[in-house]
Amino acid sequence: MNNMSQSPLLYLDNNASTPLATPVLEAMVNCARCQHGNPASPHQSGRKARQVVELVRENTLADLGGEITGTQPDRLVFTSGATEANNIAIRGLAKDGPIILSPGEHPSIDRVAQYMAKNLNASIVWLDVNQEGVIYLEQLESYLRRGAGLVSVIWGQHETGIVQPMGSIAALCNKFGVPLHTDATQIVNKIPINVQEIPISALTFSAHKFHGPKGIGGLFVRGSADLKPLLWGGFQQAGMRPGTESPVLVEGLRTAWLWSQSQMGVSGSSLSEMRDFLEHQLRNAFPEVVFHGDSALRTPQTSCFSVPSLDRQALLMALDQVGVACSTGAACESGAVQTSEFLRAMGCTAPLLESAIRLSVGYLNTRQEMEQASDRIINSIKNLQRRISPQSTTVPARREGLKMVD
Ligand code: PMP
């Protein structure tokens, strides 16, 4: 039965995109009312628009821990989102030598690297991960020792939330003089990030993952990093990303940045408290449930779970029917029937892969919603379990096929 009309929609797909926070919308409307100039125009209207863009650039760079003064200041390039920032980073930072990637990268990293491998004579070296989805530092070191042109490792993995040891990764890349990019889209404004403490060359983020507008993101670039542009055109953003900047989107990004930082760790309804509550309820109802990467460090908003032998697409549809929005993985891959490559790299067996579902909470969710959501999820799973044979519900939650470091 479709009872969506009786129950409010519970949005638990915040890793795909977050709702715009009200102060963000208000700031954007205000900005749209008074900023109509092109930030590149030299007249008063243009200068006012430029001021908005440059102030946000400087403040956001400073918040990230970037160096804003000196002979080689760090840079913040505004982009249309994380996809573009990732493309600029991979194409623009790679020196001669293999591109080293982790297995859980977003398609906007691994597909551009694959394009470069096919058309531009590049090669890719894939890192392995352990059962908790964490890379082996010894393996990274052995690859770096053989020479590399770029390393890109996702900081907070979008499907599972698994956080990589970025400080140690950056220290190794620095030791071997290889640029390091990280896709930090799912971790920025979820936990504190400081690029002064972690010497990465470049970092990607996107405003719509922290209650800002879609269509704007950024690439932090270390002052010393040699970045080549992907697009050619005007002199905007020092030629690194030509095209007219949007003061309205920039203002939205900044307001969302500050607003989401103010929500970080608010006790009682913090992201991790809501996520942990959901996991606790599911664990009580289904002792066989597996939470992927739950012994590793995870981003506080993400839970990826499998109830072995349940069909994830059937569960997703059942949850949609009862008004719970979640996903089977990256939104960019939704609709795809393939199971997660990252979970496979972690050694998950077919029953776990085929039943993996991602729940991701946001700063606009409430504790009360978690109670409603867990009831709906548990009921939906029980309904589906009743329809499958009792034998198949007892498939062991086993992992196999792990590759060890050479
Ligand atoms: N990287 C990661 C880790 C993501 O989760 C996403 C969004 N699915 C992207 C990149 C792409 O972001 P955008 O929508 O801003 O292009």
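This is a predicted model: local features need pLDDT of at least 70, side-chain atom pairs count only at pLDDT 80 or more; totals for chains, interfaces and linings use all residues.
Local features need pLDDT of at least 70 and side-chain atom pairs count only at pLDDT 80 or more, while totals for chains, interfaces and linings use all residues. Residues are numbered from 1 along each chain as its sequence is written, and side-chain values use heavy atoms, with hydrogens and water left out.

Strand E7 spans residues 202–206, and five of its five residues are buried (under 20% relative accessible area, 1.4 Å probe, protein chains only). Strands (E, at least two residues) and helices (H or I, at least four) are DSSP runs, numbered from the N terminus. In a regular strand the side chains alternate between the two faces of the sheet. Both faces of E7 are covered. Ala202, Thr204 and Ser206 lie on one side, Leu203 and Phe205 on the other.

E7 pairs with strand E8 (residues 217–221) in the antiparallel sense, over five bridges; pairing requires at least two DSSP bridges between the strands. Alanine 202 has valine 221 of E8 as its bridge partner. Strand E6 (residues 180–183) runs parallel to E7 and is joined to it by three bridges. Here aspartate 183 stands opposite threonine 204.

The largest nonpolar core holds 86 residues, of which Leu203 and Phe305 touch the most other members. Such a core is a set of buried Ala, Val, Leu, Ile, Met, Phe, Trp, Tyr and Cys residues joined through side-chain atoms within 4.5 Å. Helix H12 (residues 367–387) gives the most to this core, with six residues. Domain 1 (3–19 + 267–387) and domain 2 (22–262) both contribute residues, so the core lies between them. The domain bounds come from an automatic or database domain assignment.

Terms used:
Buried means under 20% relative accessible area, exposed over 50%, partly exposed in between (1.4 Å probe, protein chains only).
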